[in-house]
Amino acid sequence: MAALKDIKLKIVGIKKTAQITQAMNMVAAAKLRGAQQRMEDFRPYAEKFSGVMAELAGAGINPDAFPLMAARPVKKVMLILVTSDRGLCGAFNSNLIRDTEKFLKAQQAEGREGCLACVGKKGNAFFTKSPFETLHSSVGIMDNIQMFNARQVGQEVINLFLEGKVDEVQLLYGRFINVAVQRPTMNRILPISTEGLEEGEGEKSEGPKATYTYEPDPEEILNNLLPMFVNVQIMHAMLETGASEQAARMTAMDNATRACKDMIADLTMVYNKARQSAITAELMDIVGGAEALK
Amino acid sequence: MANKILLEVVTPSRLLVSEEVELATAPGTDGVFGAMANHSPLLATLKIGEMHYLNEGNAVRIALSGGFCDVSNNRMTVLAESAELSTEIDVDRALKAKERAERRLQEAEARKGDIDLARAQAAFARALTRIHIAGH
């Protein structure tokens, strides 16, 4: 009988776990909708921004005149790693962390120094124990992503770049492709290159381009815009990671709920079998006793 | 329609305004400028301040905190770090922000920290703009 009771308790316990994972799945689904909405809201800003940058890039600017655009020999590379603050979202953070390690080791192999800036608790917690240097960390901000968070990170990174402490900055984040797929993606954000921008140019400005009036002059505008452009990219990465995190959690919790259901089915089978054999044994006892009385 | 320009005010968190207007003005770094239909292409940076637009006799005021503006193809796009319509401004909050900024301004001046001072000045300008626009 003791075995029966143990199984029963186990089933009850697993049922409760299933309830929790199911609830977490639904919470993640609701948060995902919010995160996706924010991504949608941010898109027009980012698109317009790129458009204006492309416009300026087309105005015949010498990239070497701008400290943020000037490429120099790379001795130290910084990677901004954007992860989530919370776990329980499957392999999402582990994938990002694995890619980070791979990248940093590859840099070392090529004789460059690698260092990190961590946005999000998970990446930060992992890399505080690693030999790689973490020059900046922002944690506890992924629940409510605001532009000023991105600006803070951007400012810090830009300062490091301008002081010559790092020569190149890469940004790694979990790109949201759809609810089922999130892909770690890496972009170079410093020095800024205008190459990627120019393809978006053809769509809106067909007319003669030289007629633009600049107030103040293009150089000054670009000087204002470049740091903001870095912030916009970081913001974008944070929003993408936020949405990916929720999507990954939804999938993970869905899997967990399904695993719970499977376990409950198996255990119920075991329970029923044990109960049946207990009843059979009892019947045998009674029958045996009755036989003995005859 | 022919005499209007499409105004779009975009911030990182939302598309605040997207409509055809008769006139729009914006606080450029080199001075306030206005744009009407068929304005020549212009790219300007904006400072903290007030922009407004006129549509069918209604004037709407918006508090901007810096950004830039692109006018081309009969379309004016304002990209701001943050923007609020005069009707949305929480005056109490703005007043509190002003007091806070004043205090910081004094502290920063006492300490002569350049960055702190610049930040406090910006915060002060933002708060003032918002209070002004909200009509207080």
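What percentage of the contacts in chain A with a separation of 6 or more comes from residues 24 or more positions apart?

A: It's 78%: that is the part of the chain A contacts with a separation of 6 or more that residues 24 or more positions apart account for (a contact means C-beta atoms, placed from the backbone, within 7 Å). Bear in mind that this is a predicted model, where local features need pLDDT of at least 70, side-chain atom pairs count only at pLDDT 80 or more, and totals for chains, interfaces and linings use all residues. Residues are numbered from 1 along each chain as its sequence is written, while chains are lettered from A and ligands numbered from 1 in the order in which they are written.

So what is chain A built from? It has five helices and six strands (DSSP runs numbered from the N terminus: helices are H or I with at least four residues, strands E with at least two). Follow the sequence and you get α-β-α-β-α-β-α-β-β-β-α. Along its principal axes, the C-alpha trace spans about 115 × 45 × 25 Å.

Now for the meeting with chain B: 20 residues of chain A are in contact with 21 residues of chain B. On the chain A side, helix 1 (2-57), strand 6 (213-215) and helix 5 (218-293) each supply at least two residues. Helix 1 gives the largest share, eight residues. By type, that side of chain A has twelve nonpolar, four polar and four charged residues (Ala, Val, Leu, Ile, Met, Phe, Trp, Tyr, Cys and Pro count as nonpolar, Asp, Glu, Lys and Arg as charged, the others, Gly among them, as polar).

Strand 6 of chain A also pairs with strand 5 (residues 42-55) of chain B, in the parallel sense over three bridges (pairing takes at least two DSSP bridges). There, Thr213(A) has Leu42(B) as its bridge partner.

Definitions and conventions: Two residues are in contact if their C-beta atoms, placed from the backbone, lie within 7 Å.
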